[in-house]
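Work through the exercises below with the sequence and the model side by side. Each task is followed by a solution in steps.

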Amino acid sequence: MKTLDHAPSLDKQETFCIAHPRQVQSLELARRMIAANTWRPMSPAADGVETSRDRQMRALQECGGHLWVVFVDGEPALRFKSCHLRFCPRCSRVLAWKRSQLFEQRISEMRRPSFITLTMKHNDMPLRDQIQRLSRCFGRLKRRAVWKQAVSGGFHVVEITRNKVTAQYHAHIHAVIDARYMPQDWLSEQWLSITGDSKIVHIRRARSEDSRYLAKYATKSGAELALDADDIWRNVDALRGLRLVGTFGNCRPLSDDGDIFPKQDHADTLAIPIETLYDQARTDPIAYGYIQKLRARHPWLPDIPAP
């Protein structure tokens, strides 16, 4: 991506900074996480050394900032600096939107889509242990011959909730399966025989809006389940490396899993800070037209008088 060869000459009194509106959420989350007691290592030897948490917090604070304007086929487009962190409020919304599109597409490819929920009995197990046990039990269910005979494929997400009174976590699985008729009593019996203590399940016909709900469940970061700042880090660490979304059978993989932002090549495209374009738009009708085109797609951008 080409950038301007020199810093723009701007009147400091008129120059203003523009950022994505959801950067405020990222900054507030970063503030809470930095304030946590577990933020800094206790060892004096670590002073002055940048840790992985330092890098994460810097990326989180900058997410949604540094807006640039690029021109694709002659049309202006915004590019954001994104942190790509699972617990980032802005990036998780982007991921939820993309996952929703993928889920809706996979459901449309099924002949007999059914929506099932598999729950686990409430317990005091740590969050990571609960998710790993849930995944093992679901894997055992999928390997049973009766399941293979009835289900040709599908995808699943792990949803995590928390009781704020008891502080207990509750992990459960939602899945959309392409299957012939499956009695709920039969599914409950199979699940109880696998888990040994859990029998609450639900099954119904899949609906179009399920893709949005599943995408929301799949992008929970653990930060929203926290009871205090220290709890945010505990939840983030508990989810680290765990796969909360998956496909099975003849269901096509979710092609963007782990890559929530498409990589685009703008090596030969001029990129300018959006503040520079706004400064030019005060006197240049063409730049003003570009601003209006950007505002049509991003209404949160500020408006300015015509030159």
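By class, the residues that line the largest cavity are four nonpolar, two polar and one charged. Here Ala, Val, Leu, Ile, Met, Phe, Trp, Tyr, Cys and Pro count as nonpolar, Asp, Glu, Lys and Arg as charged, and the others, Gly among them, as polar. The model is predicted: local features need pLDDT of at least 70, side-chain atom pairs count only at pLDDT 80 or more, and totals for chains, interfaces and linings use all residues. Residues are numbered from 1 along each chain as its sequence is written, and side-chain values use heavy atoms, with hydrogens and water left out.

**Exercise 1. Identify the lining of the largest cavity and the element that supplies its largest share.**

Step 1. On a 1 Å grid over the protein atoms alone, a cavity is a set of points where a 1.4 Å probe fits but cannot get out, and lining residues have an atom within 4 Å of a point. Grid points are joined across faces, edges and corners, and a volume is the space filled by probe spheres set on the points.

Step 2. Count. There are two cavities of 30 Å³ or more, and the largest holds about 40 Å³.

Step 3. List the lining: Met-120, Asn-123, Met-125, Gln-130, Arg-133, Leu-134 and Ala-171.

Step 4. Assign the share. Helix α4 gives three residues, the largest share of this lining. Helices (H or I, at least four residues) and strands (E, at least two) are DSSP runs, numbered from the N terminus.

**Exercise 2. Describe the largest nonpolar core and the elements that supply it.**

Step 1. Define the set. A nonpolar core consists of buried Ala, Val, Leu, Ile, Met, Phe, Trp, Tyr and Cys residues joined through side-chain atoms within 4.5 Å. Buried means under 20% relative accessible area, exposed over 50%, and partly exposed in between (1.4 Å probe, protein chains only).

Step 2. The largest core has 32 residues, and Leu-118, Ile-131, Trp-147 and Ile-177 have the most contacts inside it.

Step 3. At least two of its residues come from each of β4 (113-118), α4 (127-143), α5 (145-150), β5 (151-162), β6 (169-179), α6 (184-195), β7 (201-205) and α8 (229-239).

Step 4. Separate the other core. Another core, of 17 residues, lies apart from the largest one and includes Ile-107, Phe-115, Phe-155 and Val-157.

**Exercise 3. Which rings are linked into a cluster by ring pairs, and what is the geometry of each pair?**

Step 1. State the criterion. Rings of Phe, Tyr and Trp (its six-membered ring) pair if their centres lie within 6.5 Å; planes under 30 degrees apart count as stacked, over 60 as edge-to-face and the rest as tilted.

Step 2. Count the pairs. The rule gives five aromatic pairs.

Step 3. Take the pair of Phe-138 and Phe-248. The pair is edge-to-face, at 5.8 Å centre to centre and 75 degrees between the planes. Phe-138 is in helix α4 and Phe-248 in strand β8 (residues 245-249), 110 residues apart.

Step 4. Take the pair of Trp-147 and Phe-248. The pair is tilted, at 6.3 Å and 50 degrees. Trp-147 lies in helix α5 and Phe-248 in strand β8, so the pair ties together parts 101 residues apart in sequence.

Step 5. Phe-138, Trp-147 and Phe-248 form a cluster linked by ring pairs. Phe-138 has 1% relative accessibility and counts as buried, and Trp-147 and Phe-248 are both buried.

Key. 1 Å grid on protein atoms, 1.4 Å probe; cavity = no way out; pocket = protein on both sides within 12 Å on 5 of 7 lines; lining within 4 Å.
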